[in-house]
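Here are a few exercises to work through with the model open in your viewer. Try each task before you read its solution.

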Amino acid sequence: MSMQDTDLRVELRTSPHLKQPLSVDQIMRNVVYALLPVSGYAVYVFGISALALLVVTTLACLLTESLFCWLSDRPNSLADGSVAITGILLGLTLPPGFPLWMAAVAGFVGVGLGKALFGGLGFNVMNPALVGRAFVQAAFPVAITTWTPPFAPNRFLEFIPSTLSLPFLQPPDTSQWSQQVAVDAFSGATPLALQKFQHVGTDTMDLFTGAIAGSAGETSALLILICGAYLALRRMMDWRIPSAVLAAAALTSLPFWLMDPSRYPDPLFVLLSGGLMLGAVFMASDMVASPVTPLGVWIYGAVIGVLTVIIRLFGGLTEGVMYAILLGNALSPLIASVTQPRVYGVQRKKAKAE
Amino acid sequence: MTLGRLFRRKTFDHGVHPRDFKDLTSGLAIRRLPFAPRLTLLLSQHAGAPSRPLVRPGQEVVRGEPVAEAAGYVSVPLHAPATGVVRGIELVATAQGPKAPAILLDVYQGASQEILYEAPPDLQNLSREDLQGLLQGTGIVGLGGAAFPTHVKLRPPEDAVLDTLIANGCECEPYLTCDHRIMLERTDDLIAGTQLMMRALDVHRAMIGVEDNKRDAVKAIRSKIPANSGISVHAVETKYPQGAEKMLIESLLRRQVPSGGLPSAVGVAVFNVGTLAAIGDLLPRGRGLVERLVTVSGTGVSRPGNYLVPLGTPVRYLLEHAGAKPEAHEVILGGPMMGMSVASLDVPVTKGMSGMVVLEQRHSDLKPRQVFPCIHCARCVEACPMHLNPSLMGQLAAKREYTTVAQEHHLFDCFECGCCSYVCPSNIPLVQYFRIAKAINREQAA
């Protein structure tokens with residue numbers, strides 16, 4: 001073999017030359033997978049209205065992202081999968097009979113105002129799905145608090161009357177319809193509202209399995225936990241955030257319940273009711289809008305948990321998860337900046353003096 | 001607090017677990033590479049001042065003969081890696097980029113290549129200063145990759161009180177196995193070198209740290225440690241970058257080297273096991289360093305192995321010998337996490353080169369990947385062994401806030417292990433950004 005035999009065309013790169021085989025689109029795709037069982041169960045419980053709602057919010061989000069990419073002359077970013085998560089999450093946070101045109105507005109505002117205007121993936125300050133929901137909460141206060149009963153007999157064949165209402169018209173009143181289709185007597189209130197205003201509890205088992213009125217996806221706490229555990233085990237979600245949120249919520253509600261169990265809900269009810277489970281597992285854990293520092297993650301989760309309970313117990317609203325997470329998102333850069341990790345070989349005091 | 005520490009394994013916080021590919025070569029005994037027809041002996045293959053040549057073109061040299069002298073305290077001499085004739089002293093290509101002067105040596109293929117140049121010292125009656133001088137004379141530098149002249153470590157700052165010598169046998173870079181083979185096949189040299197350095201540093205404790213994927217090496221060393229020698233061997237967690245000096249000190253002693261300081265500040269001197277084995281082999285015989293062990297591995301070669309290579313052998317020759325495949329696409333000098341890919345195959349083997357990894361184009365890690373924006377997933381923060389915040393630093397560096405990164409985010413504590421780039425799901429070239437940021441900061445300071 002002579003020296004000239006080896007005439008390799010070698011490539012120049014800088015180290016590291018190895019790479020962990022995991023990319024953003026894979027993570028996002030897995031979050032979508034984890035949301036599918038939750039979505040499927042929402043459809044099972046609330047029927048085709050929930051399906052239509054999820055389809056509309058997802059499509060609205062995808063179209064909005066495409067539109068803004070086109071407007072800002074950037075490559076289309078649908079492939080990274082993050083906007084699909086926003087769409088599904090948004091659908092899951094809305095009441096199942098929510099008028100579809102309003103859902104489309106929520107998707108447009110969520111992705112447009114909550115994400116695209118900040119610069120797209122990675123640059124949004126707050127969770128886009130919750131920005132969209134917060135907008136429609138303010139814009140359509142009646143529709144977003146109109147609940148319908150689960151397991152209506154014809155749910156796979158007929159829409160909830162309000163679902164198909166025309167844009168800019170008053171949605172039809174669904175209370176009559178709800179009374180007709182409800183399996184048990186239906187009060188039109190969620191377990192949270194029942195507890196808050198009438199001090200009526202709900203069976204823990206029903207909360208666990210989701211046989212309750214509420215937003216499309218906030219029904220079965222158990223299913224959400226399982227799907228979240230899948231993500232956490234695959235290390236695609238930071239388990240510390242949901243843990244911190246849930247622990248803080250339970251610990252905050254405990255003293256109140258001990259003081260007056262007839263007035264205040266027990267910690268287990270707090271954890272299982274409303275959107276806390278969905279919010280803690282799938283929304284507070286949104287990587288983009290949460291701190292990166294190890295200590296910051298715990299503080300951020302705790303802030304959300306405490307705020308949720310405070311809003312629920314003392315605010316005018318029955319549910320506080322959404323605003324708690326949005327506030328937590330807003331605080332997260334501050335939390336991250338005050339909880340920078342101690343660098344190896346650097347004393348903390350010295351670091352401050354510099 | 002990582003799980004590893006809960007189970008009382010000796011380790012440090014953070015780090016990554018890349019696949020190590022060590023089974024390609026870890027079972028292969030050390031083999032000697034034949035002499036290339038021409039050797040290129042770079043005058044600067046160590047940190048510090050380049051050596052000053054002692055030979056003229058046309059001069060015949062014998063293997064082991066000094067051909068260049070140390071040009072100052074932080075410098076070492078060079079010895080002829082083969083018997084032959086000096087062709088010239090010219091500028092040649094180097095792995096680092098800029099051309100540098102080297103002694104070109106045409107090897108006499110018929111020569112016996114016996115080392116005749118040796119001057120065994122009387123080791124019993126040597127002072128510490130004598131040992132330092134002798135060590136400098138051997139031309140030994142840090143063989144783990146840093147190539148820092150070893151004798152300099154024998155003179156720590158005045159205020160430092162050393163109590164422990166650490167022998168670094170972690171070899172945490174994937175693919176590399178030469179230290180593993182040294183610990184197995186040259187255990188006596190390693191222990192002799194360790195004892196010599198303990199004497200030279202006047203310390204009474206030596207700890208040999210070996211990653212726990214090399215249990216056979218731990219056993220081999222343990223069986224040969226003399227009683228009451230103060231030497232002990234410790235299995236540490238297999239995790240990259242366990243072999244980084246600062247990480248190993250933390251794993252073994254729970255001490256942290258102060259930012260910007262040397263290991264001597266916490267009473268420690270760290271040597272690579274390959275360096276110690278070379279000391280144990282060469283110092284008692286008064287010989288110079290003329291060859292080193294190089295792991296040649298990767299899917300791009302058909303005959304991977306642990307080769308004993310004369311210094312100055314062209315990488316091309318080494319490649320041919322190891323059977324480079326036509327699909328070979330990238331040649332990395334050193335390990336794949338911190339090594340350097342070469343542009344020219346004419347660059348020579350130097351004292352600091354512990355491995356050559358040849359990867360094929362189909363190697364999935366080499367495929368170009370789309371770079372996404374940072375999604376704040378915090379994987380880099382969880383991976384950085386120095387506990388920096390690469391996510392934030394990367395965003396600042398991308399915005400050219402180089403001074404901010406250096407002054408407020410400890411840029412210069414980064415030792416470029418590459419864990420952050422390795423884990424980043426957005427494929428952001430973080431450590432590459434930090435290199436640029438450091439270079440620009442240095443330029444601005446100059």
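What follows is a set of tasks, each with a stepwise solution.

Before you start: this is a predicted model, where local features need pLDDT of at least 70 and side-chain atom pairs count only at pLDDT 80 or more, while totals for chains, interfaces and linings use all residues. Residues are numbered from 1 along each chain as its sequence is written, and chains are lettered from A and ligands numbered from 1 in the order in which they are written.

**Exercise 1. Work out how chain B is built overall, and check its radius of gyration against a compact globule.**

Step 1: count the elements. Chain B has 14 helices and 17 strands (DSSP runs numbered from the N terminus: H or I of at least four residues for helices, E of at least two for strands).

Step 2: check the size. A compact globule of 446 residues would have a radius of gyration near 22 Å, and chain B agrees, with 22 Å (taken over C-alpha atoms; the rule is 2.2 Å times the number of residues to the power 0.38). Along the principal axes, the C-alpha atoms of chain B fill a box of roughly 60 × 55 × 45 Å.

Step 3: look inside. Of the 446 residues in chain B, 56% count as buried (20 or more other C-beta atoms within 10 Å of the residue's own, with C-beta atoms placed from the backbone; 12 or fewer is exposed, in between is partly exposed).

**Exercise 2. Which residues does Met207(B) touch, and does Met207(B) count as buried or exposed?**

Step 1: find Met207(B) in strand β10 (residues 206-211) of chain B.

Step 2: count neighbours. Met207(B) counts as buried because it has 24 C-beta neighbours inside 10 Å.

Step 3: list the contacts. Leaving out residues up to four places away in sequence, Met207(B) touches Thr164(B), Ile166(B), Ser232(B), His234(B) and Leu252(B).

Step 4: Glu443(B) is 236 residues from Met207(B) in sequence and 39 Å away in space, C-alpha to C-alpha.

**Exercise 3. Find the partner of strand β2 of chain B.**

Step 1: check burial. In β2 (residues 38-42) of chain B, 4 of the 5 residues are buried, so the strand is largely enclosed by the rest of the structure.

Step 2: follow the pairing. β2(B) runs antiparallel to β8 (residues 97-107) of chain B over 5 bridges (pairing takes at least two DSSP bridges), with Leu39(B) opposite Leu105(B) in β8(B).

**Exercise 4. Describe the contact between chains A and B.**

Step 1: count. Chain B supplies 53 residues and chain A supplies 38 residues.

Step 2: find the main contributor. The largest share of chain B's side, 5 residues, comes from β15(B).

Key: Contact = placed C-beta atoms within 7 Å.
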